[in-house]
Amino acid sequence: MTTTCFTRPAFTSRVVPVIVLNDAAHAVPLAHALLEGGIDVMEITLRSGVALQAMEAVARAVPKMHLGAGTVTRVTEVRQVMAAGATFALSPGCTDDLVHAVREARLPFIPGVMTPSEVMRARDHGFTLMKLFPASQAGGLGMLKALGAPLPDVRFCPTGGVSVENLRDFLKLPNVAMAGGSWLTPADLVRHGDWAGITKLAREATALAAPH
């Protein structure tokens, strides 16, 4: 098995907001609002046409925020997100070409998994943190149960169907290190610039995610 030390960056939050931005101008105030609420990481998905511009703005203005580039699927995107200021990348999969590219770039990488076989493939590549993608409450539980006994060297980041209401439940599951979802940055709050509302949600999530 090939090992890698580039699996997880040094953020402290157990909560990873997944963000699709339509306006890059929202990125910096959003980052400040999340930091104020105790969250030092945000995943900006490449599904947004302004994602790279948003990353660049946050990297310049909010250096304390760890930036994840979500839905990285092509080798060419690895260099693009690094140049834009991303400090780690997440992907729906774990292809050989993509793994080679992120290792060569020394970019922390969290591969996405949906089936037990994908978990074992990512594990064989040396990854110890994986994105459970997608992860509705039932789907995430079913996936973890399908693996059988918890894997001692693998941790997951469930995302997608995770909400503020079930965040604590997910973080109690075996092998779950952190959780994320777009629920923390609802489109209406971002669109209307309700940064106080975002900070309030971030504080609630941070409190729920604190170890008990």
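Reply:
**Packing of helix α1**

The axes of helix α1 (residues 27-36) and helix α2 (residues 51-61) come within 8 Å of each other and cross at roughly 55°; axes are lines fitted to C-alpha atoms, for helices over the stretch in contact, with angles running from 0 to 180 degrees between N-to-C directions. Helices here are DSSP runs of H or I with at least four residues, numbered from the N terminus. The model is predicted: local features need pLDDT of at least 70 and side-chain atom pairs pLDDT 80 or more, while totals for chains, interfaces and linings use all residues. Residues are numbered from 1 along each chain as its sequence is written, and side-chain values use heavy atoms, without hydrogens or water.

The passage of α1 over α2 is right-handed, meaning that the near helix is turned clockwise from the far one by less than a right angle. On the α1 side, A27, V28, A31 and H32 meet A54, A57, V58 and A61 of α2, contact being heavy atoms within 4.5 Å. These residues comprise 7 nonpolar, 1 polar and no charged; Ala, Val, Leu, Ile, Met, Phe, Trp, Tyr, Cys and Pro count as nonpolar, Asp, Glu, Lys and Arg as charged, and the others, Gly among them, as polar.

With helix α9 (residues 195-209), the axis of α1 comes within 7 Å and crosses at roughly 35°. Here P29, L30, A33, L34 and E36 of α1 touch W195, I198, T199, A202 and R203 of α9. This contact divides into 7 nonpolar, 1 polar and 2 charged residues.

Terms used
Helices (H or I, at least four residues) and strands (E, at least two) are DSSP runs, numbered from the N terminus.
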